[in-house]
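Subject: The structure I promised you

Hi there,

Here is the structure we talked about, for you to open and explore. Have a look around, and then read on for what I found in it.

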Amino acid sequence: TATGIWISVYQEQDRLILVTDDHHRFEWPLAAKDMNAVKPLIDYLNRRTKDEVFKATLSLEADKNRMRAVLAIDQKLKYIHIRPILFALVEAKISNYGFETRVVN
């Protein structure tokens with residue numbers, strides 16, 4: 001079975017907020033142009049991927065390519081806000097990802 005990371009993505013005032021399924025929270029300004037703001041997310045994704053692969057190895061089901069990320073994204077956000085998250089996934093070598101949309105009233 002594929003292992004995965006679920007990430008909720010939404011806007012709070014002028015900040016982009018990400019919350020993972022294990023309750024880690026990351027945030028940076030919506031208008032951030034500096035990819036250094038994403039470094040804590042990249043570090044987290046790398047750690048989480050290694051942990052998941054280690055668990056899979058113990059159960060004799062190791063396959064790094066089976067790590068998947070699911071992004072639940074607020075529909076109000078634009079692609080430009082999501083680009084740093086995609087960059088972080090690439091940096092963590094997570095090439096399997098999907099999107100959910102979330103309607104916020």
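Let's start with His23. Is this residue buried or exposed? His23 counts as exposed, because its relative accessibility is 69% and anything over 50% falls in that class. You will find His23 in the loop between S2 and S3. Its backbone is worth a look too: His23 is not a glycine, yet has a positive phi of about 70°. Please keep in mind throughout that this is a predicted model.

With a relative accessible area of 62%, Lys93 is exposed.

Now step back to the whole chain. How many helices and strands does the protein chain have? There are two helices and five strands. Reading from the N terminus, their order is β-β-β-α-β-α-β. The chain has 105 residues, and 34% of them are buried. If you take the contacts with a separation of 6 or more, 57% are between residues 24 or more positions apart.

S1 pairs with S2 in the antiparallel sense, over six bridges. S1 and S2 form a hairpin with two residues between them, and Gln13, in the turn, has a positive phi of about 55°. S1 also pairs with S4, this time in the parallel sense and again over six bridges. Here you can look for Ser8, whose bridge partner in S4 is Ala72.

In soluble globular proteins, nonpolar side chains tend to be buried together. The largest nonpolar core here has 24 residues, and those that touch the most other members are Val9, Leu18, Trp28, Leu41, Leu45, Ile85 and Ile94. Which elements give two or more residues to this core? They are strands S1 (4-12), S2 (15-20), S3 (25-29) and S4 (68-74), together with helices H1 (39-58) and H2 (79-91). H2 gives the most, with five residues.

Apart from neighbours within four places in sequence, Leu18 is in contact with Ile7, Ser8, Val9, His24, Arg25, Phe26, Trp28, Leu41 and Ile85.

Then there is Ile82, which is found in helix H2. Ile82 counts as buried, because its relative accessibility is 6% and the limit for buried is under 20%. Leaving out neighbours within four places in sequence, Ile82 has contacts with Val9, Ile73, Leu77 and Phe99. Val9 is the one to notice: Ile82 and Val9 are 73 residues apart in sequence, but 8.6 Å apart in space, C-alpha to C-alpha.

Thr3 has its place in the segment before S1. With a relative accessible area of 26%, Thr3 is partly exposed.

Last, the pocket. Rolling a probe the size of a water molecule over the atoms shows where empty space is left. In the largest pocket, that space comes to about 160 Å³. Which residues line the largest pocket? They are Trp28, Leu30, Ala31, Ala32, Lys33, Met35, Ile80, His81, Arg83 and Pro84. Seven of these lining residues are nonpolar, one is polar and two are charged. H2 supplies the largest share of the lining, with four residues.

One of the lining residues is His81, and you will find His81 in helix H2. At 13% relative accessibility, His81 counts as buried. Setting aside neighbours within four places in sequence, His81 is in contact with Leu16 and Leu30. Leu30 is also among the residues that line the pocket.

Enjoy exploring, and write back with any questions!

Best wishes

How values were computed:
Residues numbered from 1 in each chain as written. Predicted model: local features only at pLDDT ≥ 70, side-chain atom pairs only at ≥ 80, totals over all residues. Heavy atoms only, no water. Core = buried A, V, L, I, M, F, W, Y, C linked by side-chain atoms within 4.5 Å. Buried < 20%, exposed > 50% of the residue type's maximum accessible area, 1.4 Å probe, protein only. Contact = heavy atoms within 4.5 Å. 1 Å grid on protein atoms, 1.4 Å probe; cavity = no way out; pocket = protein on both sides within 12 Å on 5 of 7 lines; lining within 4 Å. Points joined across faces, edges and corners; volume = space filled by probe spheres on them. Nonpolar A, V, L, I, M, F, W, Y, C, P; charged D, E, K, R; others polar. Pairing = 2+ DSSP bridges.
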